[in-house]
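Hello! Here are a few notes to read alongside the structure, one point at a time. Keep the 3D view open and look for each element as you go.

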Amino acid sequence: MRVAIAGLGLIGGSIARGLAASGHHVTGVDAAAVLRRARRAGAIAASATSAAEAAARSDVVFLAAPPRANLRLLRSLVAGGHGAIVTDVGSVKGPICAEAIGLGVGRFVGGHPMAGSEAAGFGAPAAALFEGRAWVLTPVDGHRPPQRLLALIRDLGARPVVMTAAEHDRAAAFLSHVPQIVAWALADAARGDAVTRRHLRLAGPAYRDMTRIAKSPPQLWAQILDQNRAEVRRALEALRRGLARRAPR
């Protein structure tokens with residue numbers, strides 16, 4: 001298939017590598033320097049100056065920029081007019097699905113691959129990042145996602161999982177968003193303690209595993225948490241109650 005990917009960071013770059021390796025024709029949209037690296041790596045076969053330009057010659061478009069940028073890209077695609085299936089890879093589905101409904105984009109399918117790392121940028125991607133991972137899809141029209149999109153996700157080694165945007169955002173708050181906050185909080189607490197910060201080298205696998213994602217890009221996460229703030233607050237309150245029950249008395 002002919003696939004366009006707007007944003008070649010960790011997720012978009014990994015999609016590009018994986019689909020190119022599966023024989024699909026991938027067009028990238030990003031900064032010129034990133035596009036040059038992607039071409040040299042064999043992740044893209046062509047480039048475009050805008051998502052609308054790429055969509056005009058593609059079967060499927062992946063919006064893989066930060067959440068606010070994806071909203072702008074979706075609007076630009078509507079203005080440009082094309083017949084491609086449009087999906088995104090953002091961590092929050094409510095706002096962009098609501099935007100698609102408001103714009104009348106029935107061919108939009110919200111998406112969120114449940115995979116990633118604390119790394120960022122095109123240097124981080126790996127073609128096998130999605131192998132065996134769930135890939136959430138939230139169609140805005142309530143219908144089954146198009147076969148072309150399902151086929152691409154399976155070519156990446158992922159498992160499509162269909163649910164509503166509201167279900168996704170509730171679950172993601174507990175399974176992804178609050179863990180990020182906890183990682184930051186634990187790392188900050190350890191570094192903030194006068195004794196512990198002198199002995200961080202003593203940390204074992206438990207601390208390292210729980211704080212690994214504290215290195216994730218804070219600017220990106222600020223957008224994610226802002227878009228899902230109600231569900232994140234709900235999950236934090238549940239965590240607070242859980243900590244109160246488990247804490248020594």
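1. In what order do the 8 strands of the open sheet lie? Keep in mind that this is a predicted model. The order is β3-β2-β1-β4-β5-β6-β7-β8, and the pairing is mixed. At the edges you will find β3 (46-47) and β8 (159-162), each of which pairs on one side only.

2. Now look at a helix lying against the sheet. Helix α6, residues 147-155, packs on the sheet and touches β1 (2-6), β4 (60-63), β5, β6, β7 (134-139) and β8. The direction of α6 makes about 60° with that of β4.

3. Next, please follow strand β5 through its two neighbours. β4 and β5 run parallel and are joined by 4 bridges; L63 has D88 in β5 as its bridge partner. Strand β5 (residues 85-88) also runs parallel to strand β6 (residues 108-113), with 2 bridges between them. Across to β6, V86 is partnered with F108, and T87 with V109.

4. Which way do the residues of β5 point, and are they buried or exposed? I85 and T87 point one way, while V86 and D88 point the other way. All four of these, I85, V86, T87 and D88, are buried.

5. Which elements build the lining of the largest pocket, with at least two residues each? They are α1 (10-21), α4 (67-80), β6, α7 (165-192), α8 (205-211) and α9 (218-227). The most comes from α7, which gives 4 residues.

6. Finally, have a look at the second largest pocket, with about 200 Å³ of space. Its lining consists of A187, R191, L200, A203, Y207, R208, T211, R212, A214 and K215. These divide into 5 nonpolar, 1 polar and 4 charged residues. Both α7 and α8 supply at least two residues of this lining, and α8 gives the most, with 3. If you colour α7 and α8 in your viewer, you can trace them at the largest pocket and at the second largest pocket.

Terms used. Residues numbered from 1 in each chain as written. Predicted model: local features only at pLDDT ≥ 70, side-chain atom pairs only at ≥ 80, totals over all residues. Heavy atoms only, no water. Pairing = 2+ DSSP bridges. Contact = heavy atoms within 4.5 Å. Axes fitted to C-alpha atoms, helices over the stretch in contact; angles between N-to-C directions. 1 Å grid on protein atoms, 1.4 Å probe; cavity = no way out; pocket = protein on both sides within 12 Å on 5 of 7 lines; lining within 4 Å. Points joined across faces, edges and corners; volume = space filled by probe spheres on them. Nonpolar A, V, L, I, M, F, W, Y, C, P; charged D, E, K, R; others polar. Buried < 20%, exposed > 50% of the residue type's maximum accessible area, 1.4 Å probe, protein only.
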